[in-house]
Amino acid sequence: MKQFIVALLLCISTIGIAQSPTTERTISTNGSVAIESKELLYKTDITLSLENSYYAENPCTSIDELKTKYFEAAQKLGVDTSKFIQDDLAYAATGYRKGGTLLHFETKDKAEILKLTSISMAQVMPSYVQVKDIISEKQTKELVARAIAEAQKNANILAEASGEKIDRIYSINSYDLDGDSYWRTPTSGPSYLRLTVVYLLKD
């Protein structure tokens, strides 16, 4: 009986191996292209806080007063204050014990963001500026085509070095195609669209 069970298990194992799919022979490569956008989106955060009143000559005693004063200074420079988004929860996360708020600001106008960052006022703390490329669907498709061309060039180099030949694309993946490019500092290099492409090898 024991020998029969062992023989049966061996038979089942053999059938499983025979029916298992053949592993595809592939080469995986990457392709990337710089995003050269003519349009940028700028953003910064402004912290208004009653915490920083020690060195102010006439410090504001309420956040509404401070906000009104700051908005008036921004409007005098031609800044569109309707673009501000107030975020009290983000301010609470900073750990300040006195009242305050955080203002998010985004604009496509470089001159406007420069005006905003030029405001120097007690109890107001500007953050650093970040930029993001704005690209259309048409531009995205063009970038993808260029990235795939680079990936295929790299795949051909690898295949030739290993004595193989490329057949066709097996799979393609990218984390940069969610419709939103990355925020970066103004002094950093360009953003990139990156793809990972897997090619089937010829038999």
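Predicted model: local features only at pLDDT ≥ 70, side-chain atom pairs only at ≥ 80, totals over all residues.
In what order do the three strands of the open sheet sit? The order is 1-8-7, and the pairing is antiparallel.

Strand 7 and strand 8 (residues 192–201) run antiparallel and are joined by six bridges. If you'd like a spot to look for, find Ile169, which stands opposite Tyr199 of strand 8.

Now look for what lies across this sheet. That's helix 5, residues 137–161, which lies across strand 1, strand 7 and strand 8. Against strand 1, the helix runs at about 140 degrees. Helix 5 has 25 residues, and from its first C-alpha to its last it reaches 36 Å, close to the 36 Å expected at 1.5 Å a residue. Which residues of helix 5 are buried? They are Leu143, Val144, Ala147, Ala151, Ala155 and Ala159. Their cover includes strand 1, strand 7 and strand 8, the strands that helix 5 lies across. After the helix comes Gly163, with a positive phi near 75 degrees.

You'll find Gln123 in the loop between helix 4 (110–117) and strand 5 (124–126). Is Gln123 buried or exposed? Its relative accessibility is 4%, so Gln123 counts as buried, the cut-off for that being under 20%.

Time to step back and take in the whole chain. It has five helices and eight strands, and reading along the sequence gives you the pattern α-β-β-α-β-α-β-α-β-β-α-β-β. There are 203 residues, and 32% of them are buried. The chain exposes about 13,500 Å², with carbon and sulfur atoms supplying 54% of that area. Finally, take the contacts between residues at least 6 apart in sequence: 78% of them join residues at least 24 apart.

Terms used:
Residues numbered from 1 in each chain as written. Heavy atoms only, no water. Helix = DSSP H or I, 4+ residues; strand = E, 2+ residues; numbered from the N terminus. Buried < 20%, exposed > 50% of the residue type's maximum accessible area, 1.4 Å probe, protein only. Contact = heavy atoms within 4.5 Å. Areas by Shrake-Rupley, 256 points an atom, 1.4 Å probe, with all protein chains shown as cover. Pairing = 2+ DSSP bridges. Axes fitted to C-alpha atoms, helices over the stretch in contact; angles between N-to-C directions. Expected span 1.5 Å × (residues − 1).
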